[in-house]
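The following report describes a protein structure for a reader who is new to the subject. Please keep the sequence and the three-dimensional view at hand while reading.

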There are 2 protein chains.
Amino acid sequence: MRVVEIREKAVKLKSRLRNAAFSFDEMTTSLVAVVTDVVRNGRPVIGYAFNSTGRYACGAQMRDRFVPRLMREEALTLDPAAFDPDLWLKAMMFGEKPGGDMERSVAIGTLEHALWDAVGKIADRPVWDLIAQRYRGGQAHPKVFCYVGGGWYAPGKTIADLLDEVRRYLDMGYTLIKVKVGGAPLAEDLARLEAVIALLGDPSRLAVDANCGIPPALRPDYAAALRPLGLRWFEEPAHPGDFLGNAEFIASYVNAVATGENLFSLEDVRNLVRHGGMRPGVDIIQTDVPQSYGIGTAARILEMLEAHGWSASSVLPHGGNQMSLNQSAAFGYGMCESYPDAFGVFSGYADDLKVENGFITAGDWPGLGFERQSELIAMFRDVAE
Amino acid sequence: MRVVEIREKAVKLKSRLRNAAFSFDEMTTSLVAVVTDVVRNGRPVIGYAFNSTGRYACGAQMRDRFVPRLMREEALTLDPAAFDPDLWLKAMMFGEKPGGDMERSVAIGTLEHALWDAVGKIADRPVWDLIAQRYRGGQAHPKVFCYVGGGWYAPGKTIADLLDEVRRYLDMGYTLIKVKVGGAPLAEDLARLEAVIALLGDPSRLAVDANCGIPPALRPDYAAALRPLGLRWFEEPAHPGDFLGNAEFIASYVNAVATGENLFSLEDVRNLVRHGGMRPGVDIIQTDVPQSYGIGTAARILEMLEAHGWSASSVLPHGGNQMSLNQSAAFGYGMCESYPDAFGVFSGYADDLKVENGFITAGDWPGLGFERQSELIAMFRDVAE
């Protein structure tokens with residue numbers, strides 16, 4: 001039960017969205033196919049993954065370093081009774097200096113998810129179930145709360161347009177909505193938020209995301225103006241590496257803050273917990289698991305968080321795809337996210353998954369479940385063949 | 001005075017060294033050639049750079065993102081009277097999310113150095129002089145103290161071999177030597193250090209480098225055992241992202257600590273200063289300039305350090321090549337480093353630069369001075385043509 005070949009291909013996201021910090025115009029992602037020597041119904045079992053969204057394709061690193069290092073380790077097995085994600089990671093990390101993680105954490109995490117997908121298919125079990133067995137004493141949580149992210153800025157987009165967008169999300173079954181802030185003057189942002197709160201009827205059903213785009217000098221104004229609104233959370237008020245800036249924002253904003261999608265290692269998430277002013281039970285940590293070395297490292301990060309007084313319910317993985325759904329169902333993360341209007345086939349869940357009163361339920365399908373996303377699985381099969 | 005074409009090529013370092021954390025067996029670097037529309041003696045002026053050592057080649061990022069973004073900005077000039085490194089950086093950073101810097105900081109910093117090299121050749125002035133004019137009021141320091149790094153571990157290498165190595169460095173004119181620690185049991189490391197100190201006659205002529213390889217549980221033992229030796233500095237006692245671990249080591253070791261070669265952004269160096277226990281005037285900061293966005297960012301980092309009470313004399317750039325020599329001569333950094341036995345043509349300075357009583361003097365040659373390294377410039381010209 002071994003890897004025979006690993007293929008990868010970079011594709012464009014074809015997105016024209018904009019948040020406070022940057023646009024997605026040129027964004028790409030890497031599709032990975034891990035072909036195994038296990039045959040089912042006359043065809044090889046193949047594991048798939050892609051490198052989530054917001055970070056560029058990383059096929060060169062895979063081809064030059066991580067795939068050859070995986071392939072030369074003959075002892076690396078995909079046997080569901082014997083596989084070890086720590087050995088996969090160790091093999092890929094050969095010859096890597098400490099620190100500077102993001103240059104490799106996306107490629108390694110994506111390959112790691114494809115290996116998990118292969119093991120799940122070989123075991124004929126969902127990856128969320130395998131993860132829960134290995135790291136959480138078998139306790140999985142397949143029914144997962146799922147909020148929806150939207151409210152991007154676009155040229156000519158009015159508050160009426162924003163409300164139409166929010167109504168579409170409500171019609172889809174979502175109950176908690178996130179919109180962007182910091183890409184317009186504060187007064188305009190406030191008007192947008194007040195209109196959405198009026199539509200939702202409850203400010204705790206609205207979160208905001210600044211994507212690190214608010215200049216430090218304006219942060220106190222945003223903290224003071226948005227604090228009385230009683231929003232669910234305020235996301236990325238400061239640069240991801242400005243832990244002190246995050247702590248200072250929290251001190252003046254007081255309400256819940258969420259951040260972490262732009263941290264890529266256990267050490268940096270630990271810095272956020274040590275130096276970022278984050279409060280267990282109040283604030284939210286949002287790493288992207290395939291972008292930060294994968295599921296084995298996510299398990300170690302959760303263990304570190306628990307040692308610092310946090311619980312899995314305060315974690316909300318960045319992503320909005322079958323990978324993050326499997327993670328949330330397995331680790332008991334507080335929720336997952338969804339971007340039905342964004343990133344084309346690279347956002348969203350299995351085609352027949354329905355959101356009901358804000359919840360989705362991870363299917364009992366082998367692997368990560370990409371086979372249930374018809375457009376995406378066609379792209380994966382194109383890479384594999 | 002514009003860029004006509006940018007070429008790059010990945011080459012192997014061909015090194016078989018080992019420190020406490022990893023080996024260099026597979027290490028590569030990217031050579032960059034920036035071809036300009038300025039013609040001198042019938043040939044185009046070409047700027048060169050490579051991505052320093054210890055981080056892998058990054059040509060894919062250059063080809064896919066940074067080179068096209070530079071090339072489409074028609075206003076970007078290499079005119080010595082009008083060039084602006086901040087605009088080069090802004091152009092290359094289009095469409096990049098905040099944080100996760102190392103995936104792009106090496107490629108961007110390498111391209112930036114090649115652009116500086118081109119401007120220097122167009123201006124017929126050394127890059128160190130251009131940097132000093134732009135950022136330091138014209139005050140350059142071309143005579144630079146230079147220590148030598150060595151003392152790697154190798155199979156079968158004895159203390160006698162180590163002392164032979166140190167004698168070679170002394171014969172070359174170096175007065176301050178750095179050797180590796182943490183790759184052998186502590187007692188063996190102590191015997192190595194005591195032998196070198198006996199040879200040098202003065203412990204302040206010896207520094208040690210742990211390359212983040214000492215397990216946290218062993219750090220207090222190393223701090224207690226090495227503190228009485230009175231070494232010049234102890235380098236990288238903790239993981240680069242473990243700022244608290246660095247602070248704890250400093251608290252028990254007390255003497256000078258050096259770190260920073262595995263931090264790649266202003267934000268992370270600021271975290272080291274904020275949270276790492278580092279003491280201005282005692283400890284040493286060692287970022288690698290071409291690996292962390294380049295000279296413009298180094299100027300901003302120095303400005304940030306000075307605002308925190310540090311001076312340029314406490315900075316020692318990682319690298320050991322014509323790029324770091326230009327940086328030290330320009331910014332007045334405390335010293336530079338040299339690796340005459342390592343990394344082949346990618347370590348060392350101009351062929352005719354002599355070390356005299358520990359000092360080297362940056363030449364008055366146009367650009368970064370790679371033309372004075374015969375083997376290296378032949379490789380660069382091979383990329384350009």
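A:Tyr293 counts as buried, because 28 C-beta neighbours lie inside 10 Å; the term applies when 20 or more other C-beta atoms, placed from the backbone, lie within 10 Å of a residue's own, while 12 or fewer make a residue exposed and numbers in between make it partly exposed. The model is predicted, so local features need pLDDT of at least 70 and side-chain atom pairs count only at pLDDT 80 or more, whereas totals for chains, interfaces and linings use all residues. Residues are numbered from 1 along each chain as its sequence is written, and chains are lettered from A and ligands numbered from 1 in the order in which they are written.

A:Tyr293 has a positive phi of about 75 degrees although it is not a glycine. B:Val254, likewise a residue other than glycine, has a positive phi near 75 degrees. The table gives the place of each; helices (H or I, at least four residues) and strands (E, at least two) are DSSP runs numbered from the N terminus.

| Residue | Loop | C-beta atoms within 10 Å |
|---|---|---|
| A:Tyr293 | between β9 (284-285) and α10 (295-307) of chain A | 28, buried |

**A sheet in chain A**

Strands of a sheet pair through backbone hydrogen bonds, either parallel or antiparallel. In chain A, an open sheet of 3 strands has the order β1-β2-β3 with antiparallel pairing, where two strands pair if DSSP finds at least two bridges between them. β1 (3-12) and β3 (43-50) of chain A stand at the edges with a single partner strand each, so one side of each is left without a neighbour in the sheet. From one strand to the next, the twist averages 25 degrees. β1(A) is joined by 9 bridges to strand β2 (residues 28-40) of chain A, and A:Glu8 has A:Val32 in β2(A) as its bridge partner.

Helix α12 (residues 374-384) of chain A packs on this sheet and touches β1, β2 and β3 of chain A; its direction makes about 70 degrees with that of β2(A). Such angles run from 0 to 180 degrees between N-to-C directions, with axes fitted as lines to C-alpha atoms, for helices over the stretch in contact.

**Two domains of chain A**

Chain A is divided into domain 1 (3-124) and domain 2 (135-370), with bounds that come from an automatic or database domain assignment. Their centres, taken over C-alpha atoms, are separated by 24 Å. The contact takes 34 residues from domain 1 of chain A and 35 residues from domain 2 of chain A; two residues are in contact if their C-beta atoms, placed from the backbone, lie within 7 Å. On the domain 1 side, α3(A) gives the most, with 12 residues.

**The two chains together**

In the contact between chains, 35 residues of chain B meet 35 residues of chain A. The largest share of the chain B side, 5 residues, comes from α9(B).

Two copies of a chain are related by a rotation about an axis and a shift along it. The same surface serves both copies, as 100% of the contact residues of chain B recur in chain A.
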